[in-house]
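Here is a short tour of the model to read beside your viewer. Take it one chain at a time, and then look at where the chains meet.

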Amino acid sequence: MKAIFRREFVSYFTTPIGYIFLAIFFALAGIDYSVTSIAKGSSGSSGGAQGYGTAELTQFFLWLLIIIVILIPILTMRTLSEDKRQKTDQILLTSPVNLSGIVAGKFFASFLVYMMGLAITLVFSVVVSAFSKPDWLTVFGNIVGLLLLGAACISIGIFASSLTENQVVSAVISLASIGLMSLLSVISSFIPIEIIQTILNKLCFLERYIGFTYGQFDLSSALYFISVAVAFMFFTVRVLEKRRWA
Amino acid sequence: MIEVKNLSKHFGDKKAVDGISFTAEDGEILGFLGPNGAGKSTTMNILTGYISSTDGVALIDGIDILENPIKAKQKIGYLPEQPPLYMDMTVKEYLSFVYDLKKCKLPRNTHLKDICNLVKIENVYNRVIKNLSKGYKQRVGLAQALVGNPNVLILDEPTVGLDPNQIIEIRTLIKRLGKNHTVILSSHILSEVQAVCDKIVVINQGKIVADDTEENLSKNLVNNNKISVKIDGPFDEVEKVISSIVGVKVVSMTSKDTDEFCEFSIESEEGVDIRRELFKRISERSWYIMELKTSDMSLEDIFLRLTVGESIPAVQRNGGNE
């Protein structure tokens with residue numbers, strides 16, 4: 001697993017993918033930060049004096065969700081599909097490593113790059129702290145929330161990548177599924193049956209994540225994201241296994 | 001040592017491999033011969049645990065690849081048909097990755113250097129794989145299989161894409177490796193198998209059609225009573241003269257190059273050597289024999305006979321290699 005993790009992580013930076021992911025992530029997060037925090041006073045929807053900006057980062061983290069939903073498919077699209085296409089899966093699958101080790105190695109490599117992206121939010125928070133007092137609990141709560149959300153999304157992305165040899169197809173599948181999971185609560189509002197609404201809301205990434213943006217640490221949401229991550233890693237292992245038995 | 005018993009692999013209705021059995025002993029090089037699509041790569045993929053078998057057992061040094069895959073895989077070095085190279089890595093990084101992947105215990109630097117010397121890739125050691133030529137890529141693939149010094153080497157068409165010099169080098173290398181490894185090597189190049197292997201398994205449409213040493217294969221299928229002869233003389237008269245020789249069963253003209261030269265294929269009765277008589281008759285009439293050869297069966301003929309079903313007369317040969 002360690003060998004695969006190291007190779008995958010390095011390959012993010014020997015190919016453009018890692019740089020593209022981080023550059024777009026930093027750019028969008030920067031725009032998000034400027035709009036929701038620095039310029040907040042003038043666009044002013046939820047208070048704050050004209051032109052003074054806000055140290056309130058809840059909005060910033062909420063928008064970050066959308067950025068992550070869009071960017072994670074870029075991060076994970078090649079993880080397994082490229083191996084299949086280039087036939088490098090043959091060396092992985094014929095080495096004395098078990099399948100879960102392979103999947104875990106890929107997962108943690110993507111996760112580490114994702115964490116590098118998230119680190120920028122700390123920078124923003126520090127900048128805010130120079131002018132005002134951000135609520136550090138909210139900031140750290142958010143970062144934990146983002147890590148959990150990211151783990152779930154990366155796991156789904158890797159699963160999508162295991163289904164196809166084509167990176168683009170893989171990216172589209174993961175974008176669609178992560179997007180769907182994040183917007184389940186929107187869909188549920190169109191369904192007039194209460195029980196279905198409740199279930200969909202419980203499964204919705206946005207609903208689960210929104211608590212974290214207010215700085216609430218919700219254990220059940222944390223467990224939910226971890227379960228999704230583990231479940232899709234397990235599905236990925238099953239896909240690889242099934243391919244062997246096909 | 002590799003033991004394969006009754007191995008089958010079905011893809012839907014298609015039987016890619018259909019109940020094959022063979023054994024490769026320690027220190028033996030087994031050639032796996034067959035036309036494209038015969039099931040060679042499928043068999044190798046099963047042996048290395050890349051895909052599963054539908055039925056049957058594959059044992060690597062007595063370990064079942066399905067029951068104890070991790071332990072069995074530790075004993076195997078595999079070069080697939082398309083070498084599994086990460087194009088964005090340098091040769092050094094790649095081999096180092098494989099070293100870690102296989103959890104190799106040998107001293108890293110000296111071991112990798114030794115392998116590079118062996119397959120002659122020291123001069124590209126620090127280059128990015130995607131910029132290498134096909135021959136070098138193939139050799140990096142072979143190097144990858146040798147990492148960890150596994151007992152069993154499974155090489156799927158190892159000399160594809162190499163130039164003639166490199167082919168000879170790699171064959172010599174494989175022969176050397178074969179002394180203390182079990183090697184299975186697949187090929188559709190007959191001369192290659194003939195040159196390198198101790199034992200040959202011919203496979204066609206998923207079934208083994210022959211499994212023997214090379215000499216035995218030739219012995220069983222050879223027919224010494226066929227000769228072909230090229231004669232400078234009027235072809236219709238020549239044919240009559242040949243037919244009149246005692247012991248000749250069939251004479252057929254295979255080609256007529258120019259006005260003077262004509263070529264015949266002659267089949268005689270078992271145990272009758274008609275060459276002396278033929279020479280006498282031809283020279284008596286002041287014609288000339290330009291060429292006379294017995295058509296002993298090469299692996300090519302054996303191969304065609306086994307896979308197509310019957311002997312094909314006057315097979316055009318083009319030198320053997322690719």
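## Chain A at a glance

Read from the N terminus, the elements of chain A go α-α-α-α-α-α-α-α-α-α-α-α-α, which amounts to 13 helices and zero strands. Helices here are DSSP runs of H or I with at least four residues, strands are runs of E with at least two, and both are numbered from the N terminus. This is a predicted model, where local features need pLDDT of at least 70, side-chain atom pairs count only at pLDDT 80 or more, and totals for chains, interfaces and linings use all residues. Residues are numbered from 1 along each chain as its sequence is written, while chains are lettered from A and ligands numbered from 1 in the order in which they are written.

## Overall shape of chain A

Along the principal axes, the C-alpha atoms of chain A fill a box of roughly 65 × 50 × 30 Å.

Of the 246 residues of chain A, 42% count as buried. Buried means that 20 or more other C-beta atoms, placed from the backbone, lie within 10 Å of the residue's own.

## A look at A29(A)

You will find A29(A) in helix α2 (residues 16–38) of chain A. Why does A29(A) count as buried? Because A29(A) has 22 C-beta neighbours inside 10 Å.

Beyond its neighbours within four places in sequence, A29(A) is in contact with L64(A), I67(A), I120(A) and T121(A). A contact requires C-beta atoms, placed from the backbone, to lie within 7 Å.

## The sheet of chain B

Chain B has an open sheet of four strands in the order β2-β1-β4-β5, with antiparallel pairing. Its edge strands are β2 (14–24) and β5 (63–64) of chain B, each pairing on one side only. Two strands pair if DSSP finds at least two bridges between them; β1 (residues 2–11) of chain B and β2(B) are joined by seven bridges. Within β2(B), I20(B) is the bridge partner of L7(B).

## Where the chains meet

The contact takes 23 residues from chain B and 19 residues from chain A. On the side of chain B that touches chain A, α3(B) gives the largest share, four residues.

Definitions and conventions
Contact = placed C-beta atoms within 7 Å. Buried ≥ 20, exposed ≤ 12 C-beta atoms within 10 Å, placed from the backbone.
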